[in-house]
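Dear colleague,

Please find below the structure that I am handing over to you. My notes on it follow directly after.

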Number of protein chains: 2
Amino acid sequence: MALDLDESKMVSPSAEAESTTLANEAFERLRADIISSRLAPGTKLRLHNLREAYGLGLSPLREALSRLSENRLVVATGQRGFRVREASVQDIMDIAMVRKEVEGFALRLSIRYGDDSWEAELVAARHKLALVERAGREVAEDLWEARHREFHHTLVSACQSPCLLHLQRILSDQFDRYRRLSAQSRIPNAPRSLIHKEILEAALARDADRAVTLLGDHISEATKLIVAGLSAPQESRKKTARTPKTGSTR
Amino acid sequence: MALDLDESKMVSPSAEAESTTLANEAFERLRADIISSRLAPGTKLRLHNLREAYGLGLSPLREALSRLSENRLVVATGQRGFRVREASVQDIMDIAMVRKEVEGFALRLSIRYGDDSWEAELVAARHKLALVERAGREVAEDLWEARHREFHHTLVSACQSPCLLHLQRILSDQFDRYRRLSAQSRIPNAPRSLIHKEILEAALARDADRAVTLLGDHISEATKLIVAGLSAPQESRKKTARTPKTGSTR
DNA sequence: TTCCACCCGATTTTCGATATTTTGGAACCA
DNA sequence: TGGTTCCAAAATATCGAAAATCGGGTGGAA
(Lines give C-alpha, C1' and ligand atoms only; values in the text may rest on other atoms or scores of the structure.)
Protein backbone atom coordinates (compact mmCIF):
# COMPACT_ATOMS: atom_id res chain seq x y z
CA MET A 1 0.00 0.00 0.00
CA ALA A 2 1.00 3.61 -0.13
CA LEU A 3 3.56 3.23 -2.86
CA ASP A 4 6.42 5.39 -1.89
CA LEU A 5 7.64 7.40 -4.82
CA ASP A 6 11.25 8.23 -4.60
CA GLU A 7 10.54 11.83 -5.31
CA SER A 8 7.84 12.17 -2.76
CA LYS A 9 9.99 13.80 -0.20
CA MET A 10 7.05 16.11 -0.64
CA VAL A 11 7.04 19.50 0.91
CA SER A 12 8.82 18.96 4.16
CA PRO A 13 9.81 22.34 5.52
CA SER A 14 13.25 22.17 7.00
CA ALA A 15 14.64 18.75 6.42
CA GLU A 16 16.77 17.78 9.38
CA ALA A 17 17.92 14.38 10.29
CA GLU A 18 15.09 13.71 12.64
CA SER A 19 14.36 10.28 13.92
CA THR A 20 10.86 9.56 12.84
CA THR A 21 8.09 8.06 14.89
CA LEU A 22 5.41 5.58 14.01
CA ALA A 23 2.89 8.35 14.40
CA ASN A 24 4.70 10.30 11.73
CA GLU A 25 4.77 7.32 9.45
CA ALA A 26 1.08 6.80 9.95
CA PHE A 27 0.50 10.44 9.15
CA GLU A 28 2.45 10.34 5.92
CA ARG A 29 0.90 7.11 4.74
CA LEU A 30 -2.64 8.11 5.56
CA ARG A 31 -2.08 11.49 3.97
CA ALA A 32 -0.77 9.88 0.80
CA ASP A 33 -3.60 7.38 0.70
CA ILE A 34 -6.22 10.06 1.12
CA ILE A 35 -4.73 12.47 -1.40
CA SER A 36 -4.38 9.71 -3.95
CA SER A 37 -7.98 8.67 -3.30
CA ARG A 38 -6.97 5.16 -2.37
CA LEU A 39 -9.11 6.07 0.60
CA ALA A 40 -12.26 7.45 -0.97
CA PRO A 41 -14.07 10.51 0.36
CA GLY A 42 -16.51 9.68 3.09
CA THR A 43 -14.82 6.42 3.97
CA LYS A 44 -15.24 5.55 7.61
CA LEU A 45 -11.81 5.12 9.11
CA ARG A 46 -12.30 2.37 11.63
CA LEU A 47 -9.34 2.19 13.93
CA HIS A 48 -9.45 -1.54 14.02
CA ASN A 49 -9.26 -1.83 10.25
CA LEU A 50 -6.45 0.68 10.00
CA ARG A 51 -4.58 -1.20 12.66
CA GLU A 52 -4.71 -4.27 10.51
CA ALA A 53 -4.03 -2.49 7.23
CA TYR A 54 -1.03 -0.51 8.36
CA GLY A 55 0.27 -2.79 11.06
CA LEU A 56 0.37 -0.05 13.67
CA GLY A 57 -0.99 0.42 17.14
CA LEU A 58 -3.96 2.55 17.96
CA SER A 59 -2.11 5.47 19.51
CA PRO A 60 0.01 6.41 16.49
CA LEU A 61 -3.02 6.08 14.27
CA ARG A 62 -5.16 8.32 16.41
CA GLU A 63 -2.40 10.87 16.55
CA ALA A 64 -2.06 10.86 12.79
CA LEU A 65 -5.80 11.16 12.27
CA SER A 66 -5.97 14.06 14.70
CA ARG A 67 -3.32 15.90 12.76
CA LEU A 68 -5.01 15.16 9.45
CA SER A 69 -8.26 16.53 10.77
CA GLU A 70 -6.53 19.86 11.35
CA ASN A 71 -5.48 19.76 7.72
CA ARG A 72 -9.02 19.28 6.54
CA LEU A 73 -8.36 15.92 4.99
CA VAL A 74 -10.15 14.02 7.72
CA VAL A 75 -13.21 14.86 9.77
CA ALA A 76 -13.27 13.87 13.41
CA THR A 77 -16.64 13.62 15.10
CA GLY A 78 -17.12 13.54 18.82
CA GLN A 79 -17.29 9.96 19.93
CA ARG A 80 -17.97 8.70 16.48
CA GLY A 81 -14.49 8.40 15.13
CA PHE A 82 -12.90 9.61 11.94
CA ARG A 83 -13.77 9.61 8.29
CA VAL A 84 -12.20 10.87 5.11
CA ARG A 85 -13.58 14.30 4.38
CA GLU A 86 -16.51 14.25 2.02
CA ALA A 87 -15.99 15.79 -1.42
CA SER A 88 -18.29 18.32 -3.01
CA VAL A 89 -18.27 20.79 -5.86
CA GLN A 90 -18.85 23.61 -3.45
CA ASP A 91 -15.86 22.59 -1.40
CA ILE A 92 -13.40 22.37 -4.27
CA MET A 93 -14.50 25.73 -5.57
CA ASP A 94 -13.91 27.21 -2.17
CA ILE A 95 -10.49 25.63 -1.92
CA ALA A 96 -9.57 26.78 -5.40
CA MET A 97 -10.52 30.35 -4.68
CA VAL A 98 -8.45 30.47 -1.53
CA ARG A 99 -5.54 28.70 -3.13
CA LYS A 100 -5.53 31.15 -5.98
CA GLU A 101 -5.26 34.00 -3.55
CA VAL A 102 -2.69 32.48 -1.22
CA GLU A 103 -0.46 30.90 -3.82
CA GLY A 104 -0.66 34.02 -5.94
CA PHE A 105 0.51 36.13 -3.06
CA ALA A 106 3.30 33.71 -2.27
CA LEU A 107 4.39 33.67 -5.90
CA ARG A 108 4.57 37.42 -5.95
CA LEU A 109 6.87 37.39 -2.95
CA SER A 110 8.90 34.59 -4.41
CA ILE A 111 9.50 36.58 -7.55
CA ARG A 112 10.57 39.52 -5.46
CA TYR A 113 12.98 37.62 -3.27
CA GLY A 114 14.08 34.63 -5.32
CA ASP A 115 17.76 34.45 -6.18
CA ASP A 116 19.77 32.64 -8.80
CA SER A 117 19.49 29.23 -7.27
CA TRP A 118 15.75 29.67 -6.98
CA GLU A 119 15.65 30.30 -10.71
CA ALA A 120 17.78 27.23 -11.27
CA GLU A 121 15.55 25.03 -9.12
CA LEU A 122 12.56 26.35 -10.95
CA VAL A 123 13.97 25.52 -14.35
CA ALA A 124 14.94 22.09 -13.11
CA ALA A 125 11.54 21.36 -11.61
CA ARG A 126 9.73 22.40 -14.74
CA HIS A 127 12.08 20.28 -16.83
CA LYS A 128 11.37 17.18 -14.81
CA LEU A 129 7.68 17.87 -15.11
CA ALA A 130 7.95 18.26 -18.86
CA LEU A 131 9.87 15.02 -19.14
CA VAL A 132 7.25 12.97 -17.39
CA GLU A 133 4.55 14.59 -19.46
CA ARG A 134 6.30 13.85 -22.72
CA ALA A 135 6.93 10.25 -21.80
CA GLY A 136 4.40 7.83 -20.39
CA ARG A 137 0.86 8.94 -19.78
CA GLU A 138 -1.17 7.18 -17.21
CA VAL A 139 1.58 4.87 -16.22
CA ALA A 140 3.14 7.58 -14.21
CA GLU A 141 0.24 9.39 -12.71
CA ASP A 142 1.81 9.28 -9.29
CA LEU A 143 5.05 10.54 -10.68
CA TRP A 144 3.31 13.33 -12.53
CA GLU A 145 1.54 14.36 -9.35
CA ALA A 146 4.78 14.41 -7.40
CA ARG A 147 6.58 16.51 -9.97
CA HIS A 148 3.69 18.82 -10.49
CA ARG A 149 3.47 19.40 -6.78
CA GLU A 150 7.19 19.95 -6.65
CA PHE A 151 7.01 22.54 -9.40
CA HIS A 152 4.32 24.51 -7.64
CA HIS A 153 6.17 24.26 -4.38
CA THR A 154 9.34 25.54 -5.97
CA LEU A 155 7.43 28.44 -7.43
CA VAL A 156 6.56 29.76 -3.99
CA SER A 157 9.54 28.39 -2.10
CA ALA A 158 11.45 31.67 -2.18
CA CYS A 159 8.69 33.72 -0.58
CA GLN A 160 10.61 33.86 2.69
CA SER A 161 7.48 33.16 4.69
CA PRO A 162 7.25 29.88 6.57
CA CYS A 163 3.72 30.78 7.51
CA LEU A 164 2.64 31.18 3.92
CA LEU A 165 4.34 27.95 2.94
CA HIS A 166 2.44 26.17 5.66
CA LEU A 167 -0.88 27.43 4.35
CA GLN A 168 0.10 26.62 0.82
CA ARG A 169 0.80 23.05 1.80
CA ILE A 170 -2.59 22.66 3.43
CA LEU A 171 -4.29 24.01 0.35
CA SER A 172 -2.28 21.95 -2.14
CA ASP A 173 -3.04 18.80 -0.26
CA GLN A 174 -6.72 19.42 -0.48
CA PHE A 175 -6.61 20.53 -4.07
CA ASP A 176 -4.51 17.58 -5.17
CA ARG A 177 -6.94 15.18 -3.59
CA TYR A 178 -9.70 16.56 -5.75
CA ARG A 179 -7.57 16.34 -8.85
CA ARG A 180 -6.82 12.71 -8.26
CA LEU A 181 -10.40 12.06 -7.40
CA SER A 182 -11.81 13.55 -10.56
CA ALA A 183 -9.03 12.10 -12.70
CA GLN A 184 -10.63 8.72 -12.10
CA SER A 185 -13.34 9.57 -14.59
CA ARG A 186 -11.57 11.88 -16.94
CA ILE A 187 -9.53 11.66 -20.06
CA PRO A 188 -5.90 12.41 -19.38
CA ASN A 189 -4.33 15.74 -19.60
CA ALA A 190 -4.63 18.51 -22.05
CA PRO A 191 -1.41 20.23 -23.04
CA ARG A 192 -0.83 21.22 -19.50
CA SER A 193 2.83 21.76 -19.78
CA LEU A 194 2.27 24.84 -21.88
CA ILE A 195 0.88 26.87 -19.04
CA HIS A 196 3.67 25.75 -16.76
CA LYS A 197 6.20 26.92 -19.27
CA GLU A 198 4.49 30.28 -19.47
CA ILE A 199 4.45 30.65 -15.72
CA LEU A 200 8.09 29.72 -15.57
CA GLU A 201 8.99 32.32 -18.15
CA ALA A 202 7.02 35.05 -16.46
CA ALA A 203 8.70 34.19 -13.18
CA LEU A 204 12.16 34.28 -14.69
CA ALA A 205 11.32 37.60 -16.32
CA ARG A 206 10.30 38.80 -12.84
CA ASP A 207 6.96 39.83 -14.25
CA ALA A 208 4.95 39.27 -11.11
CA ASP A 209 1.62 40.50 -12.42
CA ARG A 210 1.75 38.27 -15.42
CA ALA A 211 2.94 35.27 -13.46
CA VAL A 212 0.20 35.63 -10.89
CA THR A 213 -2.43 36.03 -13.57
CA LEU A 214 -1.20 32.94 -15.36
CA LEU A 215 -1.15 30.99 -12.13
CA GLY A 216 -4.70 32.06 -11.43
CA ASP A 217 -5.81 30.97 -14.87
CA HIS A 218 -4.04 27.67 -14.40
CA ILE A 219 -5.85 27.02 -11.15
CA SER A 220 -9.19 28.07 -12.58
CA GLU A 221 -8.68 25.85 -15.58
CA ALA A 222 -7.77 22.88 -13.43
CA THR A 223 -10.75 23.53 -11.22
CA LYS A 224 -13.08 23.51 -14.19
CA LEU A 225 -11.81 20.10 -15.22
CA ILE A 226 -12.09 18.83 -11.68
CA VAL A 227 -15.67 19.99 -11.33
CA ALA A 228 -16.53 18.38 -14.65
CA GLY A 229 -14.93 15.15 -13.52
CA LEU A 230 -16.75 15.24 -10.22
CA SER A 231 -20.14 15.66 -11.79
CA ALA A 232 -19.47 12.99 -14.40
CA PRO A 233 -20.53 9.44 -13.64
CA GLN A 234 -17.84 7.98 -11.45
CA GLU A 235 -16.12 5.19 -13.25
CA SER A 236 -15.44 3.00 -10.27
CA ARG A 237 -12.04 1.59 -10.91
CA LYS A 238 -11.77 -0.06 -7.56
CA LYS A 239 -13.81 -0.94 -4.54
CA THR A 240 -12.02 1.63 -2.46
CA ALA A 241 -11.91 0.33 1.06
CA ARG A 242 -15.55 0.35 1.89
CA THR A 243 -15.18 -1.36 5.23
CA PRO A 244 -14.17 -4.66 3.67
CA LYS A 245 -14.43 -6.66 6.85
CA THR A 246 -16.99 -9.39 6.73
CA GLY A 247 -18.38 -12.36 8.51
CA SER A 248 -21.27 -11.13 10.53
CA THR A 249 -24.86 -11.06 9.49
CA ARG A 250 -26.59 -8.59 7.24
CA MET B 1 -6.14 27.15 35.69
CA ALA B 2 -7.30 27.97 32.20
CA LEU B 3 -10.00 30.30 33.35
CA ASP B 4 -12.93 29.67 31.16
CA LEU B 5 -14.49 32.90 30.06
CA ASP B 6 -18.12 32.60 29.42
CA GLU B 7 -17.72 34.24 26.09
CA SER B 8 -14.93 32.08 24.94
CA LYS B 9 -17.01 29.89 22.78
CA MET B 10 -14.25 31.12 20.55
CA VAL B 11 -14.40 30.50 16.89
CA SER B 12 -15.90 27.08 16.64
CA PRO B 13 -17.06 26.60 13.07
CA SER B 14 -20.42 24.91 13.06
CA ALA B 15 -21.54 24.49 16.58
CA GLU B 16 -23.41 21.24 16.84
CA ALA B 17 -24.27 19.40 19.96
CA GLU B 18 -21.30 17.11 19.83
CA SER B 19 -20.23 15.05 22.75
CA THR B 20 -16.73 16.09 23.51
CA THR B 21 -13.75 13.94 24.29
CA LEU B 22 -10.95 14.36 26.76
CA ALA B 23 -8.62 14.88 23.85
CA ASN B 24 -10.73 17.82 22.77
CA GLU B 25 -10.71 19.28 26.21
CA ALA B 26 -6.97 18.95 26.41
CA PHE B 27 -6.71 20.69 23.06
CA GLU B 28 -8.84 23.64 24.12
CA ARG B 29 -7.14 24.07 27.42
CA LEU B 30 -3.63 23.81 26.06
CA ARG B 31 -4.53 26.15 23.25
CA ALA B 32 -5.91 28.69 25.70
CA ASP B 33 -2.91 28.38 27.98
CA ILE B 34 -0.48 28.84 25.12
CA ILE B 35 -2.30 31.77 23.55
CA SER B 36 -2.58 33.50 26.89
CA SER B 37 1.12 32.89 27.51
CA ARG B 38 0.44 31.03 30.71
CA LEU B 39 2.67 28.56 28.95
CA ALA B 40 5.61 30.65 27.82
CA PRO B 41 7.27 30.29 24.42
CA GLY B 42 9.92 27.63 24.38
CA THR B 43 8.55 25.82 27.40
CA LYS B 44 9.24 22.14 27.28
CA LEU B 45 5.93 20.32 27.51
CA ARG B 46 6.77 17.26 29.51
CA LEU B 47 3.96 14.79 29.31
CA HIS B 48 4.25 13.76 32.92
CA ASN B 49 3.93 17.33 34.09
CA LEU B 50 0.95 17.97 31.88
CA ARG B 51 -0.62 14.78 33.12
CA GLU B 52 -0.37 16.10 36.62
CA ALA B 53 -1.38 19.65 35.81
CA TYR B 54 -4.43 18.82 33.74
CA GLY B 55 -5.40 15.55 35.31
CA LEU B 56 -5.56 13.71 32.00
CA GLY B 57 -4.05 10.59 30.56
CA LEU B 58 -1.17 10.59 28.15
CA SER B 59 -3.10 9.66 25.04
CA PRO B 60 -5.48 12.63 25.04
CA LEU B 61 -2.57 14.93 25.74
CA ARG B 62 -0.47 13.58 22.90
CA GLU B 63 -3.41 13.90 20.56
CA ALA B 64 -3.98 17.49 21.57
CA LEU B 65 -0.32 18.35 21.20
CA SER B 66 -0.21 16.76 17.77
CA ARG B 67 -3.11 18.90 16.65
CA LEU B 68 -1.57 22.02 18.12
CA SER B 69 1.62 21.36 16.28
CA GLU B 70 -0.31 21.50 13.01
CA ASN B 71 -1.57 24.89 14.11
CA ARG B 72 1.94 26.17 14.67
CA LEU B 73 1.44 26.77 18.36
CA VAL B 74 3.52 23.79 19.37
CA VAL B 75 6.62 22.26 17.85
CA ALA B 76 6.94 18.51 17.86
CA THR B 77 10.41 17.05 17.47
CA GLY B 78 11.08 13.47 16.53
CA GLN B 79 11.62 11.51 19.68
CA ARG B 80 12.19 14.55 21.78
CA GLY B 81 8.68 15.53 22.62
CA PHE B 82 6.85 18.81 22.39
CA ARG B 83 7.51 22.40 23.28
CA VAL B 84 5.65 25.67 22.97
CA ARG B 85 6.72 27.34 19.77
CA GLU B 86 9.50 29.83 20.24
CA ALA B 87 8.66 33.48 19.70
CA SER B 88 10.67 35.84 17.53
CA VAL B 89 10.29 39.21 15.89
CA GLN B 90 10.79 37.66 12.50
CA ASP B 91 8.01 35.19 13.15
CA ILE B 92 5.41 37.71 14.24
CA MET B 93 6.18 39.92 11.27
CA ASP B 94 5.68 36.96 8.99
CA ILE B 95 2.41 36.07 10.66
CA ALA B 96 1.21 39.63 10.51
CA MET B 97 1.93 39.92 6.83
CA VAL B 98 0.03 36.76 6.01
CA ARG B 99 -2.81 37.63 8.30
CA LYS B 100 -3.18 41.01 6.67
CA GLU B 101 -3.51 39.37 3.30
CA VAL B 102 -5.82 36.54 4.33
CA GLU B 103 -8.07 38.48 6.65
CA GLY B 104 -8.25 41.34 4.19
CA PHE B 105 -9.39 39.01 1.48
CA ALA B 106 -11.94 37.43 3.75
CA LEU B 107 -13.24 40.82 4.79
CA ARG B 108 -13.70 41.82 1.20
CA LEU B 109 -15.82 38.74 0.59
CA SER B 110 -17.72 39.28 3.79
CA ILE B 111 -18.65 42.77 2.73
CA ARG B 112 -19.81 41.42 -0.59
CA TYR B 113 -21.94 38.64 0.80
CA GLY B 114 -22.93 39.77 4.27
CA ASP B 115 -26.64 40.26 4.88
CA ASP B 116 -28.66 42.19 7.43
CA SER B 117 -28.01 39.84 10.31
CA TRP B 118 -24.31 39.99 9.60
CA GLU B 119 -24.47 43.74 9.97
CA ALA B 120 -26.39 43.33 13.17
CA GLU B 121 -23.90 40.87 14.61
CA LEU B 122 -21.12 43.20 13.65
CA VAL B 123 -22.65 46.16 15.40
CA ALA B 124 -23.29 44.02 18.45
CA ALA B 125 -19.76 42.64 18.55
CA ARG B 126 -18.22 46.07 18.26
CA HIS B 127 -20.54 47.36 20.99
CA LYS B 128 -19.47 44.67 23.41
CA LEU B 129 -15.88 45.43 22.61
CA ALA B 130 -16.40 49.12 23.23
CA LEU B 131 -18.07 48.40 26.53
CA VAL B 132 -15.21 46.40 27.89
CA GLU B 133 -12.77 49.03 26.72
CA ARG B 134 -14.66 51.82 28.38
CA ALA B 135 -14.97 49.97 31.64
CA GLY B 136 -12.17 48.21 33.47
CA ARG B 137 -8.69 48.14 32.04
CA GLU B 138 -6.38 45.38 32.96
CA VAL B 139 -8.91 43.63 35.09
CA ALA B 140 -10.54 42.27 32.05
CA GLU B 141 -7.68 41.50 29.74
CA ASP B 142 -9.04 38.06 29.04
CA LEU B 143 -12.43 39.48 28.36
CA TRP B 144 -11.03 42.11 26.06
CA GLU B 145 -9.14 39.44 24.15
CA ALA B 146 -12.26 37.34 23.77
CA ARG B 147 -14.37 40.20 22.52
CA HIS B 148 -11.68 41.51 20.25
CA ARG B 149 -11.29 38.11 18.73
CA GLU B 150 -15.04 37.83 18.37
CA PHE B 151 -15.21 41.16 16.58
CA HIS B 152 -12.57 40.17 14.08
CA HIS B 153 -14.21 36.83 13.58
CA THR B 154 -17.56 38.44 12.94
CA LEU B 155 -15.95 40.74 10.41
CA VAL B 156 -14.98 37.82 8.21
CA SER B 157 -17.74 35.43 9.19
CA ALA B 158 -19.89 36.20 6.17
CA CYS B 159 -17.22 35.39 3.61
CA GLN B 160 -18.93 32.11 2.74
CA SER B 161 -15.65 30.26 2.72
CA PRO B 162 -15.08 27.63 5.38
CA CYS B 163 -11.57 27.22 4.07
CA LEU B 164 -10.73 30.87 4.55
CA LEU B 165 -12.23 30.86 8.01
CA HIS B 166 -10.05 27.93 8.90
CA LEU B 167 -6.91 29.75 7.85
CA GLN B 168 -8.04 32.88 9.62
CA ARG B 169 -8.40 30.95 12.84
CA ILE B 170 -4.91 29.55 12.59
CA LEU B 171 -3.50 33.00 11.99
CA SER B 172 -5.49 34.71 14.74
CA ASP B 173 -4.38 32.15 17.24
CA GLN B 174 -0.78 32.82 16.50
CA PHE B 175 -1.18 36.55 16.36
CA ASP B 176 -3.12 36.70 19.61
CA ARG B 177 -0.43 34.76 21.38
CA TYR B 178 2.09 37.39 20.44
CA ARG B 179 -0.19 40.15 21.58
CA ARG B 180 -0.63 38.60 24.97
CA LEU B 181 3.04 37.87 25.16
CA SER B 182 4.15 41.41 24.47
CA ALA B 183 1.37 42.87 26.59
CA GLN B 184 3.25 41.57 29.60
CA SER B 185 5.73 44.39 29.26
CA ARG B 186 3.68 47.13 27.74
CA ILE B 187 1.48 49.90 28.89
CA PRO B 188 -2.14 49.17 28.20
CA ASN B 189 -3.97 50.07 25.10
CA ALA B 190 -4.04 53.16 23.06
CA PRO B 191 -7.44 54.33 21.85
CA ARG B 192 -7.88 51.14 19.97
CA SER B 193 -11.58 51.28 19.76
CA LEU B 194 -11.40 54.13 17.32
CA ILE B 195 -10.00 52.02 14.56
CA HIS B 196 -12.56 49.33 15.21
CA LYS B 197 -15.31 51.84 14.87
CA GLU B 198 -13.89 53.03 11.60
CA ILE B 199 -13.65 49.52 10.26
CA LEU B 200 -17.20 48.86 11.32
CA GLU B 201 -18.44 51.93 9.54
CA ALA B 202 -16.58 51.16 6.35
CA ALA B 203 -17.99 47.65 6.43
CA LEU B 204 -21.53 48.86 6.94
CA ALA B 205 -21.05 51.33 4.11
CA ARG B 206 -19.92 48.38 1.99
CA ASP B 207 -16.76 50.25 1.17
CA ALA B 208 -14.53 47.22 0.80
CA ASP B 209 -11.40 49.05 -0.25
CA ARG B 210 -11.52 51.39 2.68
CA ALA B 211 -12.36 48.63 5.14
CA VAL B 212 -9.52 46.45 3.97
CA THR B 213 -7.09 49.35 4.11
CA LEU B 214 -8.17 50.19 7.64
CA LEU B 215 -7.88 46.58 8.69
CA GLY B 216 -4.41 46.44 7.26
CA ASP B 217 -3.41 49.56 9.14
CA HIS B 218 -4.89 48.13 12.31
CA ILE B 219 -2.86 44.96 11.98
CA SER B 220 0.31 46.87 11.15
CA GLU B 221 -0.21 49.14 14.11
CA ALA B 222 -0.76 46.25 16.46
CA THR B 223 2.29 44.52 15.08
CA LYS B 224 4.43 47.55 15.73
CA LEU B 225 3.36 47.56 19.37
CA ILE B 226 3.95 43.85 19.65
CA VAL B 227 7.43 44.08 18.25
CA ALA B 228 8.22 46.93 20.61
CA GLY B 229 6.94 44.89 23.54
CA LEU B 230 8.95 41.87 22.47
CA SER B 231 12.19 43.77 22.31
CA ALA B 232 11.57 45.53 25.60
CA PRO B 233 12.97 43.97 28.76
CA GLN B 234 10.53 41.27 29.75
CA GLU B 235 8.96 42.14 33.02
CA SER B 236 8.72 38.64 34.35
CA ARG B 237 5.41 38.58 36.08
CA LYS B 238 5.52 34.91 36.86
CA LYS B 239 7.77 31.90 36.67
CA THR B 240 5.65 30.55 33.90
CA ALA B 241 5.60 26.81 34.23
CA ARG B 242 9.28 26.12 33.87
CA THR B 243 8.91 22.48 34.73
CA PRO B 244 7.88 23.23 38.30
CA LYS B 245 8.55 19.75 39.56
CA THR B 246 7.56 20.00 43.21
CA GLY B 247 4.16 20.19 44.80
CA SER B 248 1.59 22.83 44.10
CA THR B 249 2.96 26.30 44.32
CA ARG B 250 0.68 29.02 43.23
C1' DT C 1 -49.64 1.22 13.73
C1' DT C 2 -46.52 4.52 16.10
C1' DC C 3 -43.71 5.84 19.67
C1' DC C 4 -40.44 5.20 23.22
C1' DA C 5 -37.39 2.99 26.59
C1' DC C 6 -34.15 -0.43 26.95
C1' DC C 7 -30.51 -3.56 25.74
C1' DC C 8 -26.60 -5.73 23.01
C1' DG C 9 -22.84 -5.85 19.95
C1' DA C 10 -19.60 -2.85 17.70
C1' DT C 11 -16.57 1.04 18.01
C1' DT C 12 -14.24 4.63 20.00
C1' DT C 13 -11.65 6.54 23.78
C1' DT C 14 -8.76 6.30 27.66
C1' DC C 15 -5.55 4.37 30.84
C1' DG C 16 -1.36 2.42 32.80
C1' DA C 17 2.42 -0.67 31.79
C1' DT C 18 6.42 -1.65 28.73
C1' DA C 19 9.87 -0.79 25.22
C1' DT C 20 12.74 2.51 23.13
C1' DT C 21 15.26 6.63 22.92
C1' DT C 22 17.51 10.70 24.64
C1' DT C 23 20.15 13.23 28.09
C1' DG C 24 23.59 14.48 31.25
C1' DG C 25 27.56 13.40 33.53
C1' DA C 26 31.27 10.43 35.20
C1' DA C 27 35.07 7.79 33.87
C1' DC C 28 38.57 7.16 30.66
C1' DC C 29 42.02 7.94 27.27
C1' DA C 30 45.44 10.92 24.47
C1' DT D 1 43.01 19.95 29.50
C1' DG D 2 39.99 18.51 25.93
C1' DG D 3 37.38 15.28 23.90
C1' DT D 4 35.18 10.40 23.68
C1' DT D 5 32.71 6.64 25.35
C1' DC D 6 29.66 4.60 28.14
C1' DC D 7 26.07 4.16 31.65
C1' DA D 8 22.06 5.29 34.51
C1' DA D 9 18.19 8.30 35.01
C1' DA D 10 14.50 10.42 32.70
C1' DA D 11 11.50 11.15 29.07
C1' DT D 12 9.06 9.73 25.00
C1' DA D 13 6.56 6.53 22.11
C1' DT D 14 3.88 2.46 21.65
C1' DC D 15 0.98 -1.22 22.86
C1' DG D 16 -3.08 -3.87 24.31
C1' DA D 17 -6.64 -4.20 27.78
C1' DA D 18 -10.43 -1.91 30.09
C1' DA D 19 -14.01 1.62 30.25
C1' DA D 20 -17.23 4.57 27.99
C1' DT D 21 -20.20 5.44 24.24
C1' DC D 22 -22.90 4.83 20.12
C1' DG D 23 -26.35 2.71 16.72
C1' DG D 24 -29.74 -0.33 15.74
C1' DG D 25 -33.12 -3.48 16.87
C1' DT D 26 -36.65 -5.37 20.03
C1' DG D 27 -40.61 -5.44 22.41
C1' DG D 28 -44.14 -3.35 25.07
C1' DA D 29 -47.60 0.34 25.73
C1' DA D 30 -50.67 3.88 23.98
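A residue is called buried here when its relative accessible area is under 20%, exposed when that area is over 50%, and partly exposed in between. Please bear in mind that this is a predicted model. By the definition above, B:Arg206 is partly exposed, because its relative accessible area is 31%.

Salt bridges within chain B

B:Arg206 and B:Glu119 meet through their side chains in a salt bridge, with 2.7 Å from N to O. B:Arg206 belongs to the loop between α8 (192–204) and α9 (208–231) of chain B, whereas B:Glu119 belongs to helix α5 (residues 116–134) of chain B, so the pair ties together parts that are 87 residues apart in sequence. B:Glu119 has a relative accessible area of 24% and is therefore partly exposed.

The side chains of B:Arg179 and B:Glu145 also meet in a salt bridge, at 3.1 Å from N to O. Here B:Arg179 sits in helix α7 (residues 162–183) of chain B and B:Glu145 in helix α6 (residues 141–156) of chain B, so this pair ties together parts that are 34 residues apart in sequence. Are these two residues buried or exposed? B:Arg179 is buried, with a relative accessible area of 5%, and B:Glu145 is buried as well, at 7%.

A further salt bridge joins B:Asp33 to B:Arg38, whose closest N and O atoms are 2.8 Å apart. B:Asp33 has 2% relative accessibility and counts as buried, while B:Arg38 has 22% and counts as partly exposed. Over all chains, the count comes to 38 salt bridges.

Helix α7 of chain A covers residues 162–183, which makes 22 residues. From its first C-alpha to its last it reaches 31 Å, close to the 32 Å expected at 1.5 Å a residue. Of the 22 residues of α7(A), 19 are buried, so this helix is largely enclosed by the rest of the structure.

A:Asp173 is found in this helix. Its relative accessible area is 0%, so A:Asp173 is buried. The side chain of A:Asp173 makes a polar contact of 2.6 Å with the side chain of A:Arg149. Leaving aside residues up to four places away in sequence, A:Asp173 touches A:Arg31, A:Ile35, A:Leu73 and A:Arg149.

The interface between the chains

Where chain B meets chain A, 34 residues of chain B are in contact with 34 residues of chain A. The two chains bury about 3000 Å² between them, and 59% of this area is on carbon and sulfur atoms. B:Glu63, B:Glu70 and B:Cys163 supply 20% of the area that chain B buries against chain A, more than any other three residues.

Between chain B and chain A the count is 6 salt bridges. The side chains of B:Glu63 and A:Arg62 meet in a salt bridge, at 2.8 Å from N to O. There are also 16 residue pairs in polar contact between chain B and chain A, both residues being at pLDDT 80 or more.

Which elements make up the side of chain B that touches chain A? At least two residues each come from α3 (58–70), β2 (74–77), α4 (89–113) and α7 of chain B. The largest share, 9 residues, is supplied by α7(B). By class, this side of chain B has 14 nonpolar, 11 polar and 9 charged residues.

A position in helix α4 of chain B

Lastly, B:Ala96 lies in helix α4 of chain B. With 6% relative accessibility, B:Ala96 counts as buried. Not counting residues up to four places away in sequence, B:Ala96 touches B:Phe175, B:Ile219 and B:Thr223. B:Ala96 and B:Ser172 are 76 residues apart in sequence, and their C-alpha atoms are 9.3 Å apart in space.

With kind regards

Methods: Residues numbered from 1 in each chain as written. Chains lettered and ligands numbered in written order. Predicted model: local features only at pLDDT ≥ 70, side-chain atom pairs only at ≥ 80, totals over all residues. Heavy atoms only, no water. Helix = DSSP H or I, 4+ residues; strand = E, 2+ residues; numbered from the N terminus. Expected span 1.5 Å × (residues − 1). Buried < 20%, exposed > 50% of the residue type's maximum accessible area, 1.4 Å probe, protein only. Salt bridge = Lys/Arg side-chain N within 4 Å of Asp/Glu carboxyl O. Contact = heavy atoms within 4.5 Å. Buried area = accessible area lost by both parts, 1.4 Å probe. Polar contact = N/O pair within 3.5 Å; in protein donor to acceptor, adjacent residues only side chain to side chain. Nonpolar A, V, L, I, M, F, W, Y, C, P; charged D, E, K, R; others polar.
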